[in-house]
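Me: I have a structure open here and want to go through it with you. Can we start with the charged pairs and then move on?

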Amino acid sequence: MPRTDTTSAAPTPYLDGVAATDLARSYKHDLLAALAIEPGHHVLDVGCGPGTDLAALAAAAGPTGTAFGVDQDPDMVATARARMADRPNVQVCRADAHRLPFASNTIDRARTDRVLMHVADPAAVLAELHRVLRPAGLLTLAEPDWDTLAIDHPDLALSRAFTRYVAERVNHNHAVGRQLPRLAAHAGFTLRAVRNPAAVLTDFDTAETILGLRRTTARAVAAGYITASDARAWLEHLTTGTFFATTSFITVLAQSA
Ligand SMILES: C[S@@+](CC[C@H](N)C(=O)[O-])C[C@H]1O[C@@H](n2cnc3c(N)ncnc32)[C@H](O)[C@@H]1O
């Protein structure tokens with residue numbers, strides 16, 4: 001497994017900031033529609049974070065349905081519970097995605113959103129999702145492919161050093177985005193749609209929100225991928241020049257057998 005310089009638990013302000021971007025709102029909207037949630041459904045959000053998507057799932061499931069949020073991080077669970085306190089059809093529990101606390105064939109719809117890149121064993125999590133979903137149940141997956149991150153800079157070697165750091169050190173499963181179709185099929189799902197609503201970032205501030213460029217550059221320096229003086233020049237250009245960065249972001253709609 002690649003080494004990692006971050007924990008899997010992202011703090012709430014970071015996740016709230018990402019969720020507020022046009023990019024996130026757009027793909028989250030599309031994936032919610034793809035799930036085709038009906039009143040009365042049991043809907044599961046694995047790695048729900050601070051409850052980012054639970055209100056929308058609960059609204060779609062209606063008062064006779066239930067939105068279940070699962071996260072392994074106690075702070076995320078506490079925040080999600082507090083935010084959903086006035087919604088009787090939301091239940092949030094602390095659990096590991098590799099061992100979901102649900103009986104087999106009891107969930108109608110499930111989703112993971114930027115979670116598999118953090119877990120120890122994405123294939124095992126997908127097998128677990130297949131176990132809990134009812135036959136013909138729908139699942140959406142959304143993961144970046146950090147190996148496709150490209151940031152424009154006149155010094156291509158410097159840009160490569162940064163993206164190599166991101167690919168090699170920032171997440172456990174940095175290329176899980178491209179692996180989603182294969183992993184989902186191997187877990188027994190039928191693929192209904194595979195898309196790449198790629199992140200196209202044309203301003204530094206949005207890129208900073210999503211990628212944490214300053215923080216990540218500092219870590220790349222500490223890890224020996226970039227010198228401190230190169231890092232200063234890199235950030236100087238990114239913050240003052242014309243900005244462009246892009247990365248693949250793979251989404252999958254899958255159906256259990
Ligand atoms: C990048 S955040 C995404 C949160 C949320 N899905 C969203 O879109 O805002 C990843 C979340 O997955 C959770 N997570 C990571 N590994 C997990 C695991 N093995 N089991 C359950 N949750 C996990 C983290 O605690 C974190 O809240």
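Reply: Fine. The model is predicted. Asp53 and Lys28 form a salt bridge, with 2.8 Å between the closest N and O atoms.

Me: Where do Asp53 and Lys28 sit in the chain?

Reply: Asp53 is in the loop between strand E1 (42–46) and helix H3 (54–61). Lys28 is in helix H2 (residues 22–35), and the two are 25 residues apart, so the pair links distant parts of the chain.

Me: Is Asp53 buried or exposed?

Reply: Asp53 counts as buried because its relative accessibility is 12%, and the cut-off for buried is under 20%. Lys28 also counts as buried, at 12% relative accessibility.

Me: Which residues are in a salt-bridge network with Asp53 and Lys28?

Reply: The network links Lys28, Asp45, Asp53, Arg111, Asp113 and Arg114.

Me: And how many salt bridges are there in the whole structure?

Reply: A search of the whole structure gives 14.

Me: What does Arg134 pair with?

Reply: Arg134 forms a salt bridge with Asp108, and their closest N and O atoms are 2.9 Å apart.

Me: Buried or partly exposed, for Arg134 and Asp108?

Reply: One of each. Arg134 is partly exposed at 33% relative accessibility, whereas Asp108 is buried, with a relative accessible area of 12%.

Me: What about Glu168, which residue does it bridge to?

Reply: Glu168 forms a salt bridge with Arg164, where the closest N and O atoms are 3.4 Å apart.

Me: How many residues apart are Glu168 and Arg164?

Reply: They are 4 residues apart in helix H6 (residues 156–170), which means a separation of about one helical turn. Glu168 is partly exposed, at 33% relative accessibility, and Arg164 is partly exposed too, at 43%.

Me: Changing topic to the ligand. Which residues come nearest to it?

Reply: Lys28, Gly47, Thr52, Asp71 and Ala97 come nearest, out of 21 residues around the ligand. Lys28 is the residue that forms the salt bridge with Asp53.

Me: What's the make-up of the shell around the ligand?

Reply: The shell residues divide into 7 nonpolar, 7 polar and 7 charged.

Me: Which atoms of Asp71 and Ala97 lie by the ligand?

Reply: For Asp71, a polar side-chain atom lies 2.6 Å from an oxygen atom of the ligand. For Ala97, a backbone N or O atom lies 2.8 Å from a nitrogen atom of the ligand.

Me: And Arg114, what is its distance to the ligand oxygen?

Reply: An N or O atom in the Arg114 side chain is 3.0 Å from an oxygen atom of the ligand. Arg114 also belongs to the salt-bridge network that includes Lys28 and Asp53.

Me: How much of the ligand does the protein bury?

Reply: The protein buries 98% of the 600 Å² that the ligand exposes when taken alone.

Me: OK, annotation next. What does UniProt put on residues 38–149?

Reply: An unreviewed UniProt entry annotates residues 38–149 as "domain: Methyltransferase". Over residues 38–149 the model is 26% helix and 36% strand, and the end C-alpha atoms are 36 Å apart.

Me: I keep clicking on Gly40. Where is it?

Reply: Gly40 lies in the loop between H2 and E1. Gly40 is partly exposed, at 28% relative accessibility. The C-alpha atoms of Gly40 and Gly65 are separated by 3.6 Å, with the two residues 25 apart along the chain.

Me: What's the phi of Ala36?

Reply: Near 50°, a positive value in a residue other than glycine. Ala36 is found in the loop between H2 and E1, and at 36% relative accessibility Ala36 counts as partly exposed.

Me: And the phi of Ala136?

Reply: Ala136 has a positive phi of about 75°, although Ala136 is not a glycine. Ala136 is found in strand E5 and is partly exposed at 43% relative accessibility.

Me: Last one. What does the side chain of Ser248 contact?

Reply: The Ser248 side chain makes a polar contact with the side chain of Asn196, at 3.3 Å. Ser248 is in strand E8 (residues 245–255) and is buried, with a relative accessible area of 18%.

Conventions. Residues are numbered from 1 along each chain as its sequence is written. This is a predicted model: local features need pLDDT of at least 70, side-chain atom pairs count only at pLDDT 80 or more; totals for chains, interfaces and linings use all residues. Side-chain values use heavy atoms; hydrogens and water are left out. A residue is near a molecule or strand if one of its heavy atoms lies within 4 Å of it. A polar contact is a pair of N or O atoms within 3.5 Å; within protein, one must be able to donate a hydrogen and the other to accept it, and residues adjacent in sequence count only if both atoms are side-chain atoms. Accessible areas come from the Shrake-Rupley method with a 1.4 Å probe; for residues, only the protein chains shown count as cover. Ala, Val, Leu, Ile, Met, Phe, Trp, Tyr, Cys and Pro count as nonpolar, Asp, Glu, Lys and Arg as charged, and the others, Gly among them, as polar. A salt bridge is a side-chain nitrogen of Lys or Arg within 4 Å of a carboxyl oxygen of Asp or Glu. Buried means under 20% relative accessible area, exposed over 50%, partly exposed in between (1.4 Å probe, protein chains only). UniProt positions are given in the numbering used here, feature names are shortened, and annotations may be inferred rather than shown by experiment.
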